[in-house]
Amino acid sequence: MTYIGKSVKRVEDVRFLTGKGRYTDDIKLPGMTHAYIIRSPYAHAKIKSIDTSAAEAMDGVVAVFTGKDVAGVNGVPCGWQVNFKNGDTMKEPPHPLLVADVVKHVGDNVAMVIAESKEIAKDAAELVDIDYEELDAVADAAKAVKDGAPLVHPDAPKNMCFDWELGNPKEEVDAAMESAHHITKLEFINQRVIPNAIEPRAAIGHYESAGDKHTLYTTSQNPHLTRLLMSAFVLGIPEHRVRVVAPDVGGGFGSKIFHYAEEALVTWASRQLNRPVKWTAERSESFMTDAHGRDHVSTAEMGFDAEGNVVGLRVKTLANLGAYLSTFAPCVPTWLHGTLLQGLYTTPKINVDVTGVFTHTTPVDAYRGAGRPEATYLLERLMDTAALEMKMDPAELRLKNFIPAFDGVEQEGYMTQVALQYDSGNYHKVLERALEMVGYEDFRKEQAAARENGKLLGIGFSTYIEACGIAPSAVVGALGARAGLYEVGQVRVQPTGKVSVYTGAHSHGQGHETTFAQVVADKLGIALDDVEIVHGDSESVAFGMGTYGSRSLAVGGSAIVKSIEKIIEKGTKIAAHKLEAAEGDIEFSEGKFTVKGTDKSIGFGDVALTAYVPHDYPAGLEPGLDFSSFYDPANFTYPFGAHIAVVEVDKDTGKVSLKRFIAVDDVGNVINPMIVDGQIHGGLAQGIGQAMFEGAIYDEDGQLINGSYMDYTMPRADDLPSFEIDRTVTPCPHNPLGVKGAGEAGAIGSTPAVVNAVMDALSPFGIKDIEMPLTPERVWRAMQ
């Protein structure tokens, strides 16, 4: 049976829907204690004293730890280095597990109370007396770089972490802009958003003195990286004495990639107490301490000649990094944002300047799309605004400037002005299909008639490209990564022909146990039920790099395919021996090894049994059928697409109603269409959420004033229409599955499509931009 390309129902859903999932907080260990973290109520304050005596005297309290107790322990490291454009190294201040002197943001870790129950720990925390001296704070990146602004870190003048540049020399771009017939300029904020995974973060540290073994159970997208950073850089424990287990994980959207202080704290504390220590975040803690996303302030200019061809792009971005550097924080506004500013367009001259800024806020890192939504928003807002200013059709302006089609084989990959080479693409096709689906000409007639009747209808476009399959180690190493970004896949065939697959990718909702099994079952010609997928345990799986950047299939799946190829190669040798044929005369298909041109064959299961019971076996060939492969691709993959939003704006209230949403995406070959559709739907909801509802708000004192679901608006089902989706297929030319990645596409293209639709609806008012989210109040005020 063929499994690739089939909408197989997710096999893991049975346990999730019947309450049999095993999440970190479900784990109960003998003698387990419970931790509660005392967090700073101030964005910037000096800790003058901490008195823990009353808490320590409370019944059921096991220990109270403060910054002084962990003074000899290293802080949380950053995994990516970005330099200043003059060559100086970025500023990389320490990120302590518990702060001993000066807190840097609301929610900063100050002390940890450990007790026999979480309730006792929480009650005891109220007895810890901390004397703070509040200091001036700055939460806004634009204000943080001004002279006289409060410093987050004394060794980072003007709160600058780095000042980075990419693209053509500035003087060349300036000259191109001076020659432009028209320049469109926008200044806008890509607001901060909070991930809000359905499962809060949790961690359990378990030290076993017999064997000197540390085990960390954690809500991670990336268990091996957590083990490496925590063992080698934070706690100084030999790596082979540390096991990290990420069981079922309830969503992450990027926020669970990183190594967090709490993971190291519970591991360290367990050793001090010789008992397991569990910490589970409350939702209010998640708002304050999960790495946030986005938060860019940009000034962007796009120049056009008299025919509407783009001649240049000039961008200056201030990226708010928060108080500390999270694991991949420096990479997001630079190499995941700046490198995507070519978009789908033939822009001949591009210069982007990014300044990374420390503020007294929660650290910012990758959130679904990570840098690529920010780049797409910038480009697509410029395109629609330029079309309005030049009185051109926004779809025609895009089609006019698209890169011509190329397959990466017959036609070489497209080399951008910002360091990347796209793999393959037919960008006209996705937009043309989306225009067909929306009925563009008919809509414009409907819109004109509606305006005559006082109704405000709008249509907005967004075309995007993203760099996925985050990997090539040599490339990312040159860009500042402090780790390789390959993936591992081990395929172990059991004597009965059943197959166990061990992957370094980790599922937190993507359906790996289904999709990877489809690939294996299809390639080996066996039943889907005969394949098990194992992931998330550093003791079971060779060193892998986790799940993020839509890399699971493109990198992790390719590693599995490489191992399958080795199994078929060895199986061919065994089959040739059993069938008394030349190895070159054996072909493998549909689970059978067959002598070409004959009906002589042997099944995959019989070959597997022979490999483990090698009585009649090729001389010199090792027994067993078990192979592991590391796959490090030659390039990123580049999914792309076109999204169209149709909205109606209520003239009296400013309320935006999303009437239709069309998404035509090209994610390369598709293994499971149903899972890909689900990924697209989820991404669309998040991207639309940023456009219309979501946004973290800090006041002047650095207080997060909407840090709960009472105040932070999430998109709900009745806010969204039924999505109309379609696909084109342009295979990736450099990985064996031809896949490109689908997890982030919806979140990248949807946000500017919605904002552009609202601006189109409001064009009779002369409105060109409104800060996201487009709440009824903001839209109504703009119309006034």
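Two strands pair if DSSP finds at least two bridges between them. That rule applies here to a predicted model. In this model, strand S1 (residues 33-39) pairs with strand S5 (residues 109-115) in the antiparallel sense, over six bridges.

**Strand S1 and its partners**

- S1 also pairs with strand S12 (residues 277-280). These two strands run parallel, and two bridges join them.
- On the S5 side, Tyr36 has Val113 as its bridge partner.
- On the S12 side, His34 has Lys278 as its bridge partner.

**How covered is S1?**

- S1 is mostly covered, with seven of its seven residues buried.
- One side of the strand carries Thr33, Ala35, Ile37 and Arg39, and these are all buried.

**Aromatic pairs**

- The count of aromatic pairs comes to 21.
- One of them joins Phe287 and Tyr709.
- Phe287 lies in helix H8 (residues 283-289). Tyr709 lies in the loop between helix H17 (673-692) and strand S26 (724-727). The pair therefore ties together parts that are 422 residues apart in sequence.
- Phe287 is buried, with a relative accessible area of 1%. Tyr709 is partly exposed, with a relative accessible area of 39%.
- Phe328 and Tyr548 form another aromatic pair. This one is tilted, at 6.0 Å centre to centre and 45 degrees between the planes.
- Phe328 sits in the loop between strand S14 (310-322) and strand S15 (350-358). Tyr548 sits in the loop between strand S19 (531-534) and helix H15 (552-579). So this pair ties together parts that are 220 residues apart in sequence.
- Phe328 and Tyr548 are both buried.

**A cluster and a charge over a ring**

- One aromatic cluster is formed by Tyr414, Tyr422, Phe636 and Tyr638.
- Which residue lies over the face of Tyr260? Arg201 does, at 3.7 Å from the ring centre.

Note on methods: Residues numbered from 1 in each chain as written. Predicted model: local features only at pLDDT ≥ 70, side-chain atom pairs only at ≥ 80, totals over all residues. Heavy atoms only, no water. Buried < 20%, exposed > 50% of the residue type's maximum accessible area, 1.4 Å probe, protein only. Helix = DSSP H or I, 4+ residues; strand = E, 2+ residues; numbered from the N terminus. Phe/Tyr/Trp six-rings, centres within 6.5 Å; stacked < 30°, edge-to-face > 60°. Lys NZ or Arg CZ within 6 Å of the ring centre and 35° of its normal.
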